[in-house]
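Hi everyone, thanks for coming. Let's take a look at the structure together, and please keep it on your screen while I talk.

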Amino acid sequence: MKAYNEEWIYNREIINQAQRWHREGLVNDSQLAVIKETYPVKFRDTSAFVEIGLFLFSIVAASGGYALLGLILSDVLQESFATGLFNILLGIGIGFFVEFLIRKQGMFRNGVDNALIAFMTALLVIGLNVWLPDETPVWSRCLVSLPVLFAVVWYYGDLIVMFGLISAVYTLVFDLLNDTASADLLIPLVMMALSAGLYWLALRLDLSLRSKKNVYWSDALNLAQWMTLSLLLINGNYFFVREVLSFLLKPDLNLRGAFSGASEIALSWLFWLFTFGIPLLYGFIGTTRKNRMFLILACLGTAGAIATARNYIGVLPWSVHLTVSGLILVLISIPLIRYLREPRYGFTDVPDEDSPKEFFLDAETVGAIQAAASTQPPKGLSYGGGDFGGGGAGKEY
Amino acid sequence: MSPKTILDELGQRGLLTREQQTAIADIEDERPFSVHFELRSILYVGILLFAMGFGLLIYDNIDRISHSAVVITMSVLCALCFAFAWYYRPPMSNRHVKSQSPFGDYALILGCLLFLTLEGYLQYQYNLFGERYGLVTIIPAVLFLILAYRFDHRGVLSMALVALISWIGVTIRPLNLYFKGNFFDLKITFSAIILSLVLIGAGMFLERQLIKRHFTFTYLTIAGNLLLLALVAGVFNFDDLRIMFALGLAAACFLFDRYARYNYARRGRSRREKAFLYALMSSIYGYIGFTYLLFHYMEPNNYVGTLYFLLTGIGLVMYLLHYRRTLVTT
C-alpha cells in the first residue's frame with residue numbers, strides 16, 4: 001500500500017526517457033505517441049511557480065485551521081494529554097484529506113500535498129512528544145518520532161519528511177553521545193561512520209529497487225545520499241570538529257569566543273587527513289564512476305579544506321587569498337572547457353539534459369545582482385569597498 | 001532506472017524496432033558525461049572570488065607603493081576583459097545572439113565587476129565625483145545597459161537594472177530584499193514606483209519593437225518585484241497615503257495577472273511557464289497587502305483572524321489550482 005500510484009510514477013520515468021530520445025531524433029513522433037498511450041500518467045500537472053504558491057498558501061490555510069481549532073478547544077486543551085490527542089487527531093484528519101487529494105484529485109507533489117504531508121507529520125510528531133514527560137531526553141524524543149517519520153516516508157516517499165527523518169537520526173546519535181567522556185572525539189568519528197553506513201544503505205536500496213523497476217523512493221533515497229555524503233564530509237572537516245562541534249557540545253560558551261578560542265583537538269592529524277582526504281576520495285570516485293554527486297561534493301569539500309587550512313596555517317591576507325583562489329579556479333576551468341570541447345575519457349563540455357541550465361542562468365543573475373548591489377554609496381560618506389554578498393540559490397519565491 | 005532497462009522494456013513491448021534498439025543502446029553506451037554546468041559554475045565562482053579579492057586588495061594596500069601597481073593592473077585587466085569580449089562580440093542584432101567565444105560572456109562580467117571596483121576606488125581615493133553620489137551609480141547603470149544590449153547579456157542587464165535601482169536610493173539584494181529596502185522614505189518609495197513603471201514600460205515597448213525580446217523577462221521580474229514591493233511597503237508604512245498605495249497595489253496585481261494571461265495565450269510552451277511567475281507574484285504581493293489592510297482596519301479578533309487565514313488560504317489554493325484552466329478559456 002502506497003499513497004501515490006506506483007505505476008504512473010514508473011510510467012513517468014519511461015516517458016521522460018522516451019521524450020529525451022525523441023528530442024534527439026532517435027524515436028519518431030508516432031512512436032512517442034504510442035509510448036505515451038501505452039504508459040499513461042494521470043497525475044495533475046502544475047507549473048513549478050504555481051507549486052510554490054500552492055505550498056505557501058496550503059501552509060497558511062493549514063496553520064489558520066490549526067490555530068482556529070486550538071482556540072475553539074482552548075478550554076479542553078489545558079492538559080498535555082488532550083493537547084497531544086488534539087494534534088494527533090488533527091494530523092490523522094489531514095492525512096485522510098491528503099488521501100482524498102491524491103486519490104480523487106490526482107495530486108502528485110503539486111505543492112498542496114507536499115505542504116499537507118509535512119504539516120501532518122509535524123502534528124503527529126508534536127502530539128507524541130507532548131505526551132512524553134517533560135524530562136524526556138532529546139534522544140528518546142527522536143527515537144519516538146522515528147517510526148512516524150519512517151512510516152510517512154515509506155507511504156509517500158516525501159522529500160521534506162525524508163529530510164526530517166535523517167535529521168532525527170543524526171540528532172539522536174549526537175544526543176546519545178553528548179554526555180560520554182570523550183564526546184568531542186567520539187561524535188565526529190561516529191557521525192562519519194554513521195554517514196558512510198547510511199549512504200551505503202541508501203545506495204544499495206536505491207539500486208536494488210531500481211533493478212526491480214521500482215522508482216517510488218528514488219527521489220527520497222537520492223536526497224538521503226546527498227545528505228549522508230555531505231555530513232560525512234562535514235564531520236571530517238578539521239574546522240567543523242574543532243570549532244563548531246566543540247561549541248555545540250558546550251553551548252554555554254559565549255558565541256564570540258566560540259569560533260576562535262577553541263583549543264586543539266585530539267587526533268588532530270587524523271582530522272587534517274580527513275579534511276583533505278575525503279574531498280580527494282570523492283573526486284576520485286566522481287571521476288572514475290562518473291558520479292555527479294561525488295564530483296560536486298568533491299569541489300565543495302576542497303573549497304572547505306582550503307578555507308580551513310587558511311584559517312589555521314595561512315599567512316596570506318584575505319584579499320590575496322581570494323584573488324589567488326579565484327585566479328586558480330579560472331585557470332582550471334578555462335583549459336578544461338577548451339579541452340572538453342571534444343568528448344575525452346567519457347567527459348564532455350557539451351551541455352546535456354542532466355545539466356540544470358535554467359538554474360545556472362538564475363545563479364548567474366543572482367550573483368550579478370549581489371555584486372552590483374555594492375554600487376550603493378553610503379550616505380554622506382565616500383564610496384566604500386567592494387562588498388559582494390554570498391550568491392547562492394535565491395529563496396525569493 | 002537506467003536507460004538500458006527502459007530500452008529493454010520498450011523493445012519487449014515492440015514499441016521500438018530492433019535497429020532502433022541497437023542504435024540507441026550504442027549511443028547510450030558511448031554517451032559522454034557532461035560537466036558543462038559544473039565547469040561553468042567553477043569558472044563563475046572563480047570570477048566572483050577574483051573580483052572580490054581584487055576589490056579588497058585595492059583597499060588593503062592603500063598607503064603602500066605596491067598600491068598603484070594594483071590599480072594599474074586592475075585597469076589593464078578591466079580593459080583586457082572588455083577587449084576580449086569585444087573581439088569575440090556577437091553580431092549586431094535585435095534577436096538572441098551569442099558571443100563567438102564560450103568565454104566572451106564571462107570576460108564581460110569580470111570586466112563589469114572590475115569596473116565597479118575601480119570606479120568606487122576612484123571616488124574613495126580622489127573623490128572624483130565629489131558630492132554627486134548619483135553619478136557613481138548612474139554611470140555603471142548606463143554603461144551596463146549599453147553593454148547588455150550590444151553583447152546580448154542578461155546578467156549584465158540585471159546588473160544595470162540593479163544599479164539604476166541603487167541610483168534612486170534603494171539598496172536591493174536578492175537575499176535580503178525584504179529587510180534592507182529603505183522604503184520608510186516616501187521620496188524613495190515614489191522614486192522606486194516611478195522607476196519600475198518606466199522600466200516595465202521600456203521592457204514592454206522594446207518587446208513590441210522586437211528588440212531583444214528575451215530581455216523582457218529580466219525587466220519584468222526585477223522591476224515588477226520592485227514595483228510590488230514598493231507598493232506593499234507604501235501600504236505598510238504611510239498612514240496618510242495608505243488607500244492610494246492600496247489602490248495602486250490592486251491595480252498592479254490585476255495588471256500582472258492580465259499580463260500572465262496574455263503571455264500564456266500568445267507564447268510558445270517554454271515561455272508559458274514564465275506566465276505563472278507573474279501570476280504567483282501578483283497573488284503573493286496582493287495577498288500580503290490585502291491581509292495587512294484587513295487586519296489594520298477591521299482589527300478582527302483571534303477567531304475571525306484564524307478563520308480568515310483558513311478560508312483565504314483555501315481560496316488561493318483553489319485559485320492557483322484552477323489557474324491553468326481559467327487561462328485556457330480566456
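Let's start with one pair of residues: A:Thr348 stands opposite B:Ser34, which lies in strand β1(B). The two strands here, β1(A) and β1(B), the latter being residues 33–34 of chain B, run parallel and are joined by two bridges. Two strands count as paired if DSSP finds at least two bridges between them. Strands (E, at least two residues) and helices (H or I, at least four) are DSSP runs, numbered from the N terminus.

A word on what you are seeing: this is a predicted model, in which local features need pLDDT of at least 70 and side-chain atom pairs count only at pLDDT 80 or more, while totals for chains, interfaces and linings use all residues. Residues are numbered from 1 along each chain as its sequence is written, and chains are lettered from A and ligands numbered from 1 in the order in which they are written.

Now the wider interface. In it, 86 residues of chain A are in contact with 86 residues of chain B, where contact means that the C-beta atoms, placed from the backbone, lie within 7 Å. On chain A's side, elements that each supply at least two residues include α1 (6–23), α2 (29–38) and β1 (347–348). That side has 48 nonpolar, 29 polar and nine charged residues. Here Ala, Val, Leu, Ile, Met, Phe, Trp, Tyr, Cys and Pro count as nonpolar, Asp, Glu, Lys and Arg as charged, and the others, Gly among them, as polar.

How do helices α3 of chain A and α13 of chain B cross? The axes of α3(A), residues 48–72, and α13(B), residues 302–321, come within 7 Å and cross at roughly 155°. Therefore α3(A) is roughly antiparallel to α13(B). Axes are lines fitted to C-alpha atoms, for helices over the stretch in contact, with angles from 0 to 180 degrees between N-to-C directions; under 35 degrees is roughly parallel, over 145 roughly antiparallel, 65 to 115 roughly perpendicular and the rest oblique. The residues of this contact comprise 17 nonpolar, eight polar and no charged.

Finally, within chain B, helices α10(B) (residues 216–237) and α11(B) (residues 242–266) pack at about 150°, with axes 8 Å apart. These two are therefore roughly antiparallel to each other. Among the residues making the contact are B:Leu227 and B:Leu231 of α10(B), and B:Phe245 and B:Phe256 of α11(B). Chain B has 14 helices and one strand in total.

Conventions:
Two residues are in contact if their C-beta atoms, placed from the backbone, lie within 7 Å.
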